[in-house]
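Visitor: Please take me through this model with its criteria spelled out, so that each value can be traced to a rule.

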Amino acid sequence: MNPDSSAIAPRALLLAAFDQLLQPERFKDYGPNGLQVEGKAEVRKIVSGVTASLALIEAAVAAQADAIFVHHGLFWRGQDGRVTGWMKQRLALLLAHDINLYAYHLPLDAHPELGNNAQLGSQLGWKADRYFGDNNLGFMASAGGPAGGSGPWSAQNLADHVKKALNRSVVLVGPAQAAIKNIAWCTGGAQSYFEDAIAAGADAFITGEISEPQAHYAREMGVAFIACGHHASERYGAPAVAAHVAAQFGLVHEFIDIDNPA
């Protein structure tokens, strides 16, 4: 169905479509998935983004959106529940403009075609044929080799490829010239999946962030660790899912990328 500025979808029907696609009931997550802030009963335009920041909400207001779809919502397990400071600013703007906020965390990472992991793999040129870790959130594939090359990827070639594909600097730890036959990835702050990736047979692991222990594991195990940025690795799932659901109802969709160096 082609986008139509006059097309309307009920708020609850959109929620049902997102839930059916992403199946949040399968996950024990760090915060609530689904409709986090209730806005207009009818939606004409959806804006997608990575995080429900004030800047994204302001951009959605300017774009005359009725709903925002994000990976990182407003509410997380264990956070201070008081509505002050940054939380007040974000909620006040959403409520003042009657904008719905839909947020899906792990379910958005996991979707095998439209999720963050699948979409990052597509961006880099791989489709998972194996999975590992909790909820099979870790993706793995045979690496193949660089286009026009006569052999497998080296870790340095791979890091350069990720840098070019995502248009941002990366951190490579581990043997730079090691041949990469199996590549694993998990977007965002998935550095804790590194040991699972090694156990699953990975020669290289790509995620958004690196913590102190992973540098030692990479050197000691001879497995390359590439950190490409939390935000940069998760720019692709939200617009893919939002565009898919918007198309079901003929709604207008716009992805707004609020840059984040982290």
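Guide: A salt bridge is a side-chain nitrogen of Lys or Arg within 4 Å of a carboxyl oxygen of Asp or Glu. This is a predicted model, in which local features need pLDDT of at least 70, side-chain atom pairs count only at pLDDT 80 or more, and totals for chains, interfaces and linings use all residues. Residues are numbered from 1 along each chain as its sequence is written, and side-chain values use heavy atoms, with hydrogens and water left out.

Visitor: How many salt bridges does the structure hold?
Guide: Side chains of opposite charge can pair when their charged atoms come close. With the 4 Å limit between nitrogen and carboxyl oxygen applied, the number of salt bridges in the structure is five.

Visitor: How many residues apart in sequence are the parts that R11 and E38 tie together?
Guide: R11 and E38 form a salt bridge whose closest N and O atoms are 3.9 Å apart. Because R11 lies in helix α1 while E38 lies in the loop between β2 (34–37) and β3 (42–43), the pair ties together parts whose separation in sequence is 27 residues.

Visitor: Is R11 buried or exposed?
Guide: The classes rest on relative accessible area, computed with a 1.4 Å probe on protein chains only: buried means under 20%, exposed over 50%, and partly exposed in between. R11 has a relative accessible area of 18%, so R11 is buried.

Visitor: How far apart are the closest N and O atoms of R82 and D80?
Guide: R82 is exposed, with a relative accessible area of 60%, whereas D80 counts as partly exposed at 44%. The two form a salt bridge, and its closest N and O atoms are separated by 2.6 Å.

Visitor: How much space lies in the largest pocket?
Guide: On a 1 Å grid over the protein atoms alone, a pocket is an open set of points where a 1.4 Å probe fits, with protein on both sides within 12 Å along at least five of seven lines, and lining residues have an atom within 4 Å of a point. Grid points are joined across faces, edges and corners, and a volume is the space filled by probe spheres set on the points. The largest pocket is lined by 19 residues, with Y30, L106, L137, G189 and Y193 nearest its centre. Its space is about 290 Å³.

Visitor: Which elements give two or more residues to the lining of the second largest pocket?
Guide: The second largest pocket holds about 190 Å³ of space. Its lining has 13 residues, of which R26, F27, A110, H111 and P112 lie nearest the centre. The elements that give two or more residues to this lining are α1 (11–22) and α4.

Notes. Helices (H or I, at least four residues) and strands (E, at least two) are DSSP runs, numbered from the N terminus.
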